Each structure stands twice: as structure tokens, then as C-alpha cells.
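Today I am looking up charged side-chain pairs. I want to know who pairs with whom, and where the partners sit.

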Amino acid sequence: MARRLWPFLLASAVSLIPFTVFGMYLVPIAGAAGGNVAEIGGLRGLGGLAALIVGFSLAPLIDRLARELVAAGGLALLGISAALGAIGNVFALAAFCLLIGASTSILAPSIGAAAADRFATPAAAGRAATLVSATTSAMAMLAAPVLAVPGMLWGWRGNLLAASVISLALSAAFFWRGRGRKAPLRADGGQRMSYLATYRELARIPGAVPLLVIAMLRTAAFMGYLAYLAAFYDEKFDLAPGWFALVWSLSGASFFLGNLLAGRYIALERPWIGPEKMLLVGLAVALTSVSAFYFSPSLPLTLLFTALMGAGHATVAACVTTLLVRRSGDLRGSALSVNAAGMSLGTFLGAALGGLGLGLGGYPGTALTFASITLIAVLFSLRVRR
């Protein structure tokens, strides 16, 4: 499957490079732009806003063009944004963040749907889509150390320019591959539905609305937790940044393995635990972990909860992607686009709500916030029937 899907897996990995560079080199980037770290780092919110708007507004259009052409457009935006980021002033960085959000909201659902389209059975299609998301999570874990070596040679601008060149080259390859191809045909041979009708049909897909809400809430809980992870380990265990990098790798590795293995298991024709039940199990693990994490008395136990948190959320992510792909049929591109937009919204909601809980009640308040969000997701999962 990986051999058949390698162009989409490569595009998925490349999509994370520009924002990873932005996060890794935030201090020198802020210095080059003449601003402080908080001001320049806050520009990342523009990316979430752009991803939300573009993802929702273009969702019905994802299924109206050849997947490769949509992916080519997303990669072209990614390459342009990386080149703008290399300029380094405030306006260029603002444009960089906006275009990164817009490009990923186009690229992620198109390559996920394209991967699923390569296989005929619903189980294999769902497995293909989760393989793309697993590659993304693997790159999130590996991007920082991979980019560190070339960054020593040519700095953050060189990394961004290299990302721009790779993205534009991939865009040209996808365009060449997709030219002359048509949008995937509807299974019933009927005409494409209208823009608004697409949203109405998405709402009628069994379990689609609860699944999309679960994806948003899960992302809010997990990304909000990650936003304050370094501060928590520093305050409670006095963990230096170098040692915390290992904690981050543990979290990323557990998420990658959880996503990969859960996606592989639920792609079986007759798994012992179906994706609907697996979804509930993953949320239960995430709820238990986040409830105990902030009150753990020792570092080894806290690390265990960190790993369980990553694995639980990864399992939920794999189940949501698989179920959306299986149930959406011809509308899988639109469903994945709305899902990506909702997760972008969840990312920034989680950080904001976590900060509110931290300000009002310290880390117990943060624990209550993320546990409440996860509990609501558990309640929605009860509405996802087989």
C-alpha cells in the first residue's frame, strides 16, 4: 500500500516542513522581523483562521476536480508561502501563516481522499487514508531533528527556500499526473450535486456530524494539552529543554504508532472490535489519561500518561478518518475537508480554553478543562452507531 501511495505520503510529509521551521527558529525569525517572540508567534493564529475559512468554503469543491489537481494547487500555495516566509519581515510572515493554513486545508483532504480512491473496498480505502495521516504524525515527530542538520548549514531561510523548491516541484508533478483526469465519478452515475446540497448530504451521512464534532473536540483537548506540556514538565519536574525534547519524541512516537496500528487493525475485514467501539475505547483512554496526568506524583508515571494520551488520541483520529471515508463514499473529499477545518478550529480553541483553565485554577483547572472537552466527545461517540 505504501508503494502505491508514496507520492501522497511524500506530499503529506512535506506539508509540515514550513510551519515546523517557523516553530523551531521562532527566536531568530522574530529577531529578523524586528518583533518579539510572542508577537511573531501569535501570527500562527492566522493560519488556523485561514484553514477554517478555506476548509469550510471549499469543502464541496474538493470532489469536483481531479484529486491530483487539487493537491497540486495546495502544494503550489505551500511553496509560495515558504518563499514568502524566507523574506522574514512581519508582513511576509503574516502572509506566510495565512497561506500555510489555506494550503494545508486544501492539501490534506485531497491527498487523503486520493489515497482512499486507489482502493475499491471500504476497509482498504479507510486504511489508505489513515496511512496518510500516520505519515503526517510521523513527520511531526521527525521534522525537527531532520531539519536541524541542514539548518546548521544554511539557516532557517535556507530551510524555507528548500521547502519551497520541493513543494513547487511536487506541485508540478501532481499537475502533470492529474492533467486530463476528471473528478471521481459518483457511484450511481448521477450528476454532481450543488454546493449547498453537498452540505445537506454530508449532514445526512450516518454518524458524520458526531464524528466531525468528535474530531474537533479531540483536537482541542490534545493540542491544548500539548500547548502547555513543556511548561508543566518544567514547573513540576524542572525538566530542561534538552530533556523535554525526549518527552516530545515520546508523545509523537506514541501518537504515530497508535495511529498506524489502530488504522491497520480496524482495516481488517472482521476486526474483533469494530471502529465504532474502538473510537469509544480510544476516548476512554484519553479521558483517563488527561484526568490523571496533571496529578501524577512521579516522573515515570507522568511519562506513562503522556504515552497513553498520544496513543488514545491517535486511535480516535484513525477511527474518525476511517469511518468518514467508509461512510462518505463519493463525498469523502468534502467530508475530510470539513474535518480538517474543524480540527484547525479545535487546535486554537484548545489552546485558548486551556489557558483560561490554567489562569483560573492552575493545572487542576487545565485538567478539568481538557477532561470536560474529552467527556463531551465521549458522549458524542455514543451516537456513532455501527
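Entry one. I started with Arg118, which forms a salt bridge with Glu68; their closest N and O atoms are 2.5 Å apart. The model is predicted, I note. This pair links distant parts of the chain, 50 residues apart. I find Arg118 in the loop between helix H7 (90-117) and helix H8 (122-178), and Glu68 in helix H6 (residues 67-87).

Entry two. Is Glu68 buried or exposed? Glu68 is buried, because its relative accessible area is 3% and the cut-off for buried is under 20%. Arg118 is partly exposed, at 21%.

I looked for another partner of Glu68. Its side chain also meets that of Arg177 in a salt bridge, 3.9 Å from N to O. Again the pair links distant parts of the chain: Glu68 is in helix H6, Arg177 in helix H8, 109 residues apart. Arg177 counts as partly exposed, with 35% relative accessibility.

I moved on to Glu276 and Arg327, whose side chains meet in a salt bridge at 3.0 Å, N to O. Glu276 lies in helix H13 (residues 275-293) and Arg327 in helix H14 (residues 299-328), so this pair ties together parts 51 residues apart in sequence. Glu276 counts as buried at 13% relative accessibility. Arg327, at 21%, counts as partly exposed.

I then checked for shared partners.

Entry six. How many salt bridges does a search of the whole structure find? I log six.

Key
Residues are numbered from 1 along each chain as its sequence is written. This is a predicted model: local features need pLDDT of at least 70, side-chain atom pairs count only at pLDDT 80 or more; totals for chains, interfaces and linings use all residues. Side-chain values use heavy atoms; hydrogens and water are left out. A salt bridge is a side-chain nitrogen of Lys or Arg within 4 Å of a carboxyl oxygen of Asp or Glu. Helices (H or I, at least four residues) and strands (E, at least two) are DSSP runs, numbered from the N terminus. Buried means under 20% relative accessible area, exposed over 50%, partly exposed in between (1.4 Å probe, protein chains only).
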